[in-house]
Amino acid sequence: VKSIGVLTSGGDAPGMNAAVRAVARTCLNKGIDVYGVMLGYKGLHEGQFYKFNRHSTRNIINIGGTILKSARFPEFKNPQTRLEAIEQMKSVGMEALVVIGGDGSYHGALELTKLGVNCIGIPGTIDNDIPLTDHTIGFDTALNTIVEALDRLRDTSGSHQRCTILEVMGRTCGDLAVNAGLACGAEIVITSETGFDEEKVIERLRQSKAGDKKHAIVVITEHVTDVNELAKRIEAATGFETRANVLGHLQRGGRPSANDRVLASRMGVRAVELLEQGKGGLAICEQGGVITEVPMLTLFDSKRDVPEELYEDVLKLR
Ligand code: F6P
């Protein structure tokens, strides 16, 4: 392969820049031309390409967000749009593509591969919701951001003897919530995977209050329920003064953690090596500390393992 493009797609995640850097440097060290594609698939379609040189990815390994920008571009589901994107790639001689994003972004990559443009996916999302990889790039940084927020909330929750609810991101994946809950000694973790039984939650908080607990932390994944309304109902039913917080997009930014930089760097190198071998339609994964790859089709047919033992440990440590 003589020329490779790299793009970031979907929600940004800390560590994406480290992955872009790894892709670019690996290419340049192998004598392969490399282009940054701006704005994800939208930029691919519009031909927004930027040819990298050795200086282009300097000083970005430690920076959050994505220098390539990201955009949602549902139009890429249209076969004609994909053909037009391939024409843009051909116009600069770009033969293959690395797509850094969530598994939604992998669908476009697989379609391009079917059309003869080899694509490799790198899992970049704070949600950790991609099957067959232990971690996605950005998850560790977001988790540490949540832990810092929870530590602060614990201070004030303790001072005022309150119940504090923190809503975190994750889409339908509870990994951020359960890991943060375990790291911060939460009373209760609620995710779409645990299900939400409000009576049970209230009963548990009643028991805590009746015991010697003076304050409580509840971590909940977004989209499960309205946390402000839940706070009111908890307060009314348990007598625990309750405050709700939504952490929001704070979770998406910030300096990537060491773990995310290492993961991103290793995955970026691997992606280029696979393209060099003429492979495509593969998703890079981390399994038990080993960087490997699976066919995207296998990944689409797989379900994520819910980390049951983490949920059990939260209960054991209440
Ligand atoms: O996928 C990352 C994520 O941050 C999710 O956790 C969240 O549901 C979503 O993106 C938010 O999307 P947006 O940035 O478009 O509001």
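This is a predicted model: local features need pLDDT of at least 70, side-chain atom pairs count only at pLDDT 80 or more; totals for chains, interfaces and linings use all residues.
**Ground rules**

I count residues from 1 along each chain, as its sequence is written.

**Entry 1**

I took helices (H or I, at least four residues) and strands (E, at least two) as DSSP runs, numbered from the N terminus. I call two strands paired if DSSP finds at least two bridges between them.

What is the strand order of the open sheet of 7 strands? I read it as β3-β2-β1-β4-β5-β10-β11, with mixed pairing. β3 (49-51) and β11 (290-295) each have a single partner strand, so one side of each lacks a neighbour in the sheet. From one strand to the next, the twist averages 25 degrees; for angles I use lines fitted to C-alpha atoms (for helices over the stretch in contact), and the values run from 0 to 180 degrees between N-to-C directions.

I then went through some pairs. β2 (residues 33-37) meets β3 in the antiparallel sense over 3 bridges, and G36 stands opposite Y50. β5 and β10 (residues 282-287) are parallel, with 2 bridges, and there I found I120 opposite L282. β10 and β11 are antiparallel over 6 bridges, with E286 opposite I291. The hairpin of β10 and β11 has 2 residues between the strands, and G288 takes a positive phi near 55 degrees in it.

**Entry 2: the 4-stranded sheet**

The other sheet I looked up is open too, with 4 strands in the order β7-β8-β6-β9 and parallel pairing. Its edge strands are β7 (188-190) and β9 (242-246), each pairing on one side only. The twist averages 15 degrees from one strand to the next. 3 bridges join β7 to β8 (residues 216-221), and V189 faces V219 there.

**Entry 3: helices on the sheets**

For contacts I asked that the C-beta atoms of two residues, placed from the backbone, lie within 7 Å.

- Helix α1 (residues 16-30) packs on the sheet of 7 strands, touching β1 (3-8), β2, β4 (96-101) and β5 (118-123), and its direction makes about 175 degrees with that of β1.
- Helix α5 (residues 139-160) lies across β6 (163-168), β8 and β9, at about 165 degrees to β6.
- Helix α7 (residues 198-210) lies across β6, β7 and β8, at about 170 degrees to β7.

**Entry 4: helix against helix**

My angle classes are: under 35 degrees roughly parallel, over 145 roughly antiparallel, 65 to 115 roughly perpendicular, and the rest oblique. I call a crossing left-handed if the near helix is turned anticlockwise from the far one by less than a right angle, and right-handed if clockwise. For residue classes, Ala, Val, Leu, Ile, Met, Phe, Trp, Tyr, Cys and Pro are nonpolar, Asp, Glu, Lys and Arg are charged, and the others, Gly among them, are polar.

At what angle do α1 and α9 (residues 258-276) pack? I get about 40 degrees, with the axes 7 Å apart, which makes α1 oblique to α9. The crossing is right-handed. Among the residues that meet are A18, A22 and C27 in α1 and A264, G268 and V272 in α9. This contact divides into 10 nonpolar, 3 polar and 4 charged residues.

α5 and α6 (residues 175-184) pack at about 45 degrees, axes 9 Å apart, and they are therefore oblique to each other. α5 passes α6 in a right-handed crossing. Residues that meet include F139, L143 and L150 in α5 and L176, A180 and C184 in α6. I find 10 nonpolar, 1 polar and 3 charged residues in this contact.

α7 and α8 (residues 227-238) pack at about 50 degrees, axes 10 Å apart. Their crossing is right-handed. I202, L205, R206 and K209 of α7 make the contact with I234, A237 and T238 of α8. By class, I have 4 nonpolar, 1 polar and 2 charged residues.

**Entry 5: the ligand**

Which residues are around the ligand? Taking a C-beta atom, placed from the backbone, within 6 Å as the limit, I listed G11, G102, T125, I126, D127, M169, G170, R171, E222 and R252. The shell has 2 nonpolar, 4 polar and 4 charged residues.
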